[in-house]
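Take a look at the structure shown here.

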Amino acid sequence: MTMRTRPLGTAGPQVSALGLGCMGMSALYGEADRAESIATIHAALEAGVTLLDTGDFYAMGHNEMLIGEALRTAPAARREQALTSVKFGALRGPDGSWLGYDGRPAAVKSFAAYSLQRLGVDHIDVYRIARLDPDVPIEDTVGAIAELVDKGYVRHIGLSEVGAQTIRRAAATAPISDLQIEYSLISRGIEDEILPTTRELGIAVTAYGVLSRGLISGHFTADRQLGQGDFRAMSPRFQGDNLRHNLNLVEALRKIAEQKGVSVAQIAIAWVLSRGEDIVPLVGARRRDRLTEALGALGVTLEPADLAAIEEAVPAGAAAGDRYPAAQMAHLES
């Protein structure tokens, strides 16, 4: 299989049609096997995946160090093709608590210095604040990243989970390569205003949560016991009646997938791929078998009849429950 590429906006690089979101290898989804995680990153690079996404606050630097080890131990040719996408700004306590966001210019530069060290690289390919700091104008934060670009420490500027007005303000400050935001069959809020804005401005979208944290992967069951520290134990979409409703949507999607001879995860990823060449799905595979399944989505062609059937099975707004607990939803722009 030859990995296709997509432009990461008019101000960004060409990247693989799928990116690898590495967060789950370190945090928020229960225990992960370090050796298998590194093997999965190596397998992704071998398959032609170029975009590796992380955050400096994922297990307080653990995820960056994990990626750094994977890059050091990868063949030189594969290591050189890797592009790093890093989110910063989320403040953590020693106990793992969340303490807010810091987008001050001095903090931006300090965060970058530590990320470069942990990743073992001389530059970060796409750098972005994870959530808007309500006390710092986006122009100041983006301006600080632009200074890092001028000095060669960052190649491209990204955004994460911000609304149309903030996107416009940021783009008026410096060239923006892409917006990272949740987008899936059951998280389609960007379609109303955000996606038209990014397309008007030539900004790509890296879509995380394309399987809604495993909810629409076809592998999640109502009786699954979630381990300590698993984000989904607090996620509204995974609770009680919400979960039962959402898994019914998955079963409707499964019927369409079976008719095409593919898995539920593959058809869900293929749907995101079908939404435009400016959208790059991030897959959160923590194991090589899940990575192989996700890569299979690249071979799935959705005809107009398939898309109509998917829309009927899982229409916009069909999911029950918010995508984050209320406290975290307060930090998101729409």
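Leu-185, Ile-186, Ile-216, Leu-249, Val-250, Leu-253 and Val-314 line the largest cavity. A cavity is a set of points on a 1 Å grid over the protein atoms alone where a 1.4 Å probe fits but cannot get out, and lining residues have an atom within 4 Å of a point. The lining has 7 nonpolar residues, no polar and no charged. Nonpolar here means Ala, Val, Leu, Ile, Met, Phe, Trp, Tyr, Cys or Pro; Asp, Glu, Lys and Arg are charged; the others, Gly among them, are polar.

This is a predicted model: local features need pLDDT of at least 70, side-chain atom pairs need 80 or more, and totals for chains, interfaces and linings use all residues. Residues are numbered from 1 along each chain as its sequence is written, and side-chain values use heavy atoms, without hydrogens and water.

Now find helix α5 (residues 138–150) and helix α6 (residues 164–173). They pack at about 40 degrees, with axes 9 Å apart. Ile-138, Glu-139, Val-142 and Gly-143 in α5 meet Thr-166, Arg-169, Ala-170 and Thr-173 in α6; contact means heavy atoms within 4.5 Å. These contact residues divide into 3 nonpolar, 3 polar and 2 charged.

Next comes helix α7 (residues 194–201). Its angle with α6 is about 20 degrees, and the axes are 9 Å apart. That makes α6 roughly parallel to α7. In α6, Ala-164, Ile-167, Arg-168 and Ala-171 meet Ile-194, Thr-197, Thr-198, Glu-200 and Leu-201 in α7. This contact has 5 nonpolar, 2 polar and 2 charged residues.

Terms used: Axes fitted to C-alpha atoms, helices over the stretch in contact; angles between N-to-C directions. Helix = DSSP H or I, 4+ residues; strand = E, 2+ residues; numbered from the N terminus. 1 Å grid on protein atoms, 1.4 Å probe; cavity = no way out; pocket = protein on both sides within 12 Å on 5 of 7 lines; lining within 4 Å. Parallel < 35°, antiparallel > 145°, perpendicular 65-115°, else oblique.
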